[in-house]
Amino acid sequence: MAKKKDGRKGVEDTTANDAGRGGETDGGATPSDTTATAEEVAPQGLDAGDGAPGKAPDAGDDAKDADGAYDFSYTQNREVSWLKFDDRVLDEAFDESVPLFERLKFVSIFGSNLDEWFMIRIGGLSDIALLKRQPRDNKSNETPAEQIESVLSMLPPLVRRREEAFAAIESRLAENGLARVGATSYTDADGQVVAKHFDQNVQPILSPMIVNPRHPFPNLRNSQLYVVCSLMGAGEKGLLGIVEVPSSLDRVVELPSTDRCWRYTLLEDVIISRLPGCFGAYQPVTWATIRVTRNADVDPDGEGVEEEEDYRQHMKKVLKKRQRLQPVRLELQGELDEKLTTFITRELALPPLKVTRTTVPLDLSYVFGLEDRIPGYARPKLLHYPFEPQQSPMVDASLPMRDQVNDHDVLLFYPYESMSPLLRLLREAAGDDDCISIKVTLYRVARQSSLCESLISAVESGKEVTVLMELRARFDEENNIAWADRLEHAGCTVIYGSEGYKCHSKICQITYHDKSGISRVTCLGTGNFNEKTARLYSDFMLLTANEDIGEDGNTFFRNLSLGNLLGSYKQLGVAPAGLKPLVMRGLDREIKRALRGESAQVFMKMNSLTDRDVIDKIADACQAGVRMLMIVRGICCIKANVPGRTDGLVVRQIVGRFLEHARVYAFGVDADTIYLSSADMMTRNTERRVEIAYPVLDPTCRSLVMTYMNIQLADNAKSRQLTSGGDWEKVVAPPDAPHVDSQDLLLALAYRRSRAAQGVGAESLSPLAGIYPDMSRAQIRELVELPGIATYEGATAQPSSRRHRRRRRRQGGRTPLAGPRAHRPGPARALLSQELTSQRRPSSVAGQRTRAARPRRRAPVLRRRRRRPRQGRPHRVRRRGRPGRRR
C-alpha cells in the first residue's frame, strides 16, 4: 500500500505511530524496492501460487473510500490501545487470586511501563506536534497534538487507581511482615538509626542548592529523584531548595525490625527527615519529592557517524544526550506550595496536563529488591509457588547436544523449559575440534551471561566467532556496549546493525567441519539469548540441523556483513523485504480457500498489532469467512466484531505471572503451515527492522506448538477478549467449566513431561496438585479435551459465497466443518491427561455440575493433521485441478 502524503488520509506508522525515530521505533528510509521474487517470500508451505506472484498483496484496498481515505470504523489509536493494556496490567494488582507481594510488583510494572511510554511515545509525538503541517495517524485520523491531548486526559483515573491499589497492598503487607515507614512516622529508635545513616553515608555526598538570581534553576536529569522544599529565612520566604537523592546509595534503608516483620524506609524519606539541617539558616516549610521524565526518543543514526568514529563511542554520546532532552512529564509526591510548583513547571516548560501529583513513591523499582526480605513464615502466602524451568523431554542430558539436534529438531518453550540445552550446545561447541565457527545476533544480553562466556571460550579455543551486537536496543545500550567491548577484546569479530535498520532477529549458527563435510546447527528464537528473561518471558527456541534452514542462516549472516537487506532465502522470511509478504500471502491463501467455500483458518500470536496493511488484510479475511483467532498481549489497533468489517474476529489477551512474548503465525484449518518469529505485526518490525520468521517443519515440534496455543486459547482465568469498542473484557467461563490458568497449566505440564522422561512415577509429582488442588475428575477430563474458545459450530464468521450457502442447506444448516472429526491427542496432551487423571481428587466440587455424561465433539482450536507430511516438507496446495486437493 502506498503511503499517504495527504494528512487528511492518514499516514503510516513511520510518523505519528512510530515517530520515525531511533531505538524501539527504528528510523531510516524504507527500502525503495520492497518487492521480492516468489522464492524469497514463499518458503515451503505458502506457495507463491496462492497469492499475487512476486510481491506482497496490496492489502486494505476495500478499507478505503472513493477518495482514498482509510476506514477508521474498525481501528483504534495506538496510544489509546497501549493505555488500555497498561490498565490491564494494573488489574493484576487487584486480583485476589494473585499473592499479595506479586500484586505489588504489578503496581511497579504499571509505573515503569508508563515511564517508558512517556519517554518514547509522548516524547516522539511531542517532537512531531511542533511541525506546522502535522501528519495524521492512519488508525484514528488524529494529529500528534490531538493524540497527546486525548491520551493525557485518560491518565488521571489510572493514577488514582494505582494509588488505590498501592495503599491497599502496602497496608496488608504491613500486617504480613513487610512494612514501609514514612518520614513522619518514625519512632524514637527509627530516628536514631536514620540520623546515624544520614550523618555517615548521606550527608557527605549531598549538594543542597537554593535557587536564586546567582544560582539559576538547574538541569534536572532524566528520571532522577530530587527532594525540593519551600525555604524560609531571616526576611525571606518562598525560596526553592533542591537536594538530589544520591543514586549511588541503596534506595531502601533498614529500620529496627523483628523476626515477624521487616521494616524499612526510603532514602528520600531519610533526607526529608533531616532537611532542617541541610540549608543552614533556612528552614523548610513544605516539601515534596519530584522526578522529571525527559524525551528519550533519540535517533542514534540521525546525526550520522563520523567516518573515523567507533560506533560504540557514537552511542555513548547518544546516551549522554538523552539526559538533556526536552521534559515531557513532572511527578510530585508530597506537599509543595502552589507558587513553587508553578515556578518549576514554568522552568521546565510543561503544561498542566503533563504534571502528575501522586501519593505513591516515585520510581517503584525498589520493590523487586524487597522479596528477599520477606520473613520466612510469610513467603508461601505472599509469593508465587516457586518453580524451576524444567529439562525438555526432547533432550537427553547424558548425550552430546550436537548429536541430538542432528537426530531431531528440539523445541524449547521458555520459561517452562530450561535454556540449558542451548547453553550446553554452545559450551560443547567451544571445546569441539569439529566446530569451526559460531555466529550470533545479540539484542538484549544478561549482565551475567554464560552464553557470552561460551563465545569468549570458543574464540580462545581458535574458533571463528562473529557477533552482531545491536547497540540500539532501547535502555540496554550501556550493557550491550560493555559486552561488545569485552567480546572484541577477547578476539571475536563484532559488527553492528545496518544504519536505519535495527537488527531484532534472534539467530545463532554453529558450523562444523568433519570427515563427512560441512554441517550446521541453527538456533532460532522468538526472544532474546538472555538467561534472565528466559525465566520470565514466554518464548520459543528452535534448535535444528535442517539443511535448507542452515543454508538460509549462513546466507543471512553473509548478507548482514555486506549490508544487504534484500537477500533471497529458501525457508526463512526476513524483514524488511520478505517477512511481511510471507504473512500477507498466508492470509491471502486462506481468503481464497474461504471464498471457494472451503474451510479456512488463521491463528496469530504476537505482542502488538499496528501495521495498517496487516490490519486491513485481517478485516478482508473476516469478511471472506476465514476463521481468525488471535492472541495479542499489548497494543491492538484493530477492533473485533465490528459489523460488516471484522465479524467473527476473536482476539484474546493474556497477562499473568510470565510475560507473553512468543510470536506464532499459523495458516490452515490443520495449521499445516506454522511460522515462529521475532517480529510483531508493527510497521517498525515489518519494514524498518531486520527480523526473521522461521517455519516449524518437524511434526513433533509443530504438534507441541499447537498444544501450547490450544491451552492458551482455553484460558479463562487471565484471559481477556477484545470488543467492538476496542476494550478488553474478562472471559467468563460457563458455570460447570474448569478454571484454566494457562500459565499455571503449562508449568504443570512442563513438570509432568520432564519427570515422565526421567521415569518418575505420576504419584510422586506434586506441582499439579499444588496448582489445582480442588479440581474434580470431570473438570480434569474437560481440561484435557481443551475445546478452547469454540468449535466450528460456534464461529460467527462464515463464508458468504453462494456455493457455501447451497452446501449448508444440503447439510441441514450445518457448516461444512461442524461435523465430528476423529482426534487423537498428541504426545504432550497424552502426558497431560495421564498426569491429571492420576491425581487423587474428590469426584466433584460442591455446587458444580459435571459434563461427563453429555456427549460432545472433541475439536481443539488448532487441529492436527491426520497424515504425517513428508520429512522436512509440508504439504503444498496444488495450483491446478480440483480446488483444495492435496498432492
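Which residue in β7 is the bridge partner of V227? The second view below gives the answer.

The views show a predicted model, in which local features need pLDDT of at least 70, side-chain atom pairs count only at pLDDT 80 or more, and totals for chains, interfaces and linings use all residues. Residues are numbered from 1 along each chain as its sequence is written, and side-chain values use heavy atoms, with hydrogens and water left out.

**View 1. An open sheet of six strands.** The strand order is β2-β4-β3-β7-β8-β9, with mixed pairing. At the edges are β2 (209–211) and β9 (355–358), each of which pairs on one side only. On average, neighbouring strands of this sheet are turned by 30° against each other, direction ignored. Strands (E, at least two residues) and helices (H or I, at least four residues) are DSSP runs, numbered from the N terminus; two strands pair if DSSP finds at least two bridges between them.

**View 2. Strands β3 and β7.** β3 (residues 225–233) and β7 (residues 283–294) run antiparallel and are joined by eight bridges. The bridge partner of V227 in β7 is T289.

**View 3. Helix α3 across two strands.** Helix α3 (residues 100–128) lies across β7 and β8 (327–335), and runs at about 140° to β8. Axes are lines fitted to C-alpha atoms, for helices over the stretch in contact (heavy atoms within 4.5 Å), and angles run from 0 to 180 degrees between N-to-C directions.

**View 4. An open sheet of nine strands.** The order is β18-β26-β24-β23-β19-β20-β21-β27-β28, and the pairing is mixed. The edge strands, β18 (573–574) and β28 (728–730), each pair on one side only.

**View 5. Strands β23 and β24.** Five bridges link β23 (residues 663–667) with β24 (residues 673–677), and the two run antiparallel. Opposite R663 stands S677 in β24.
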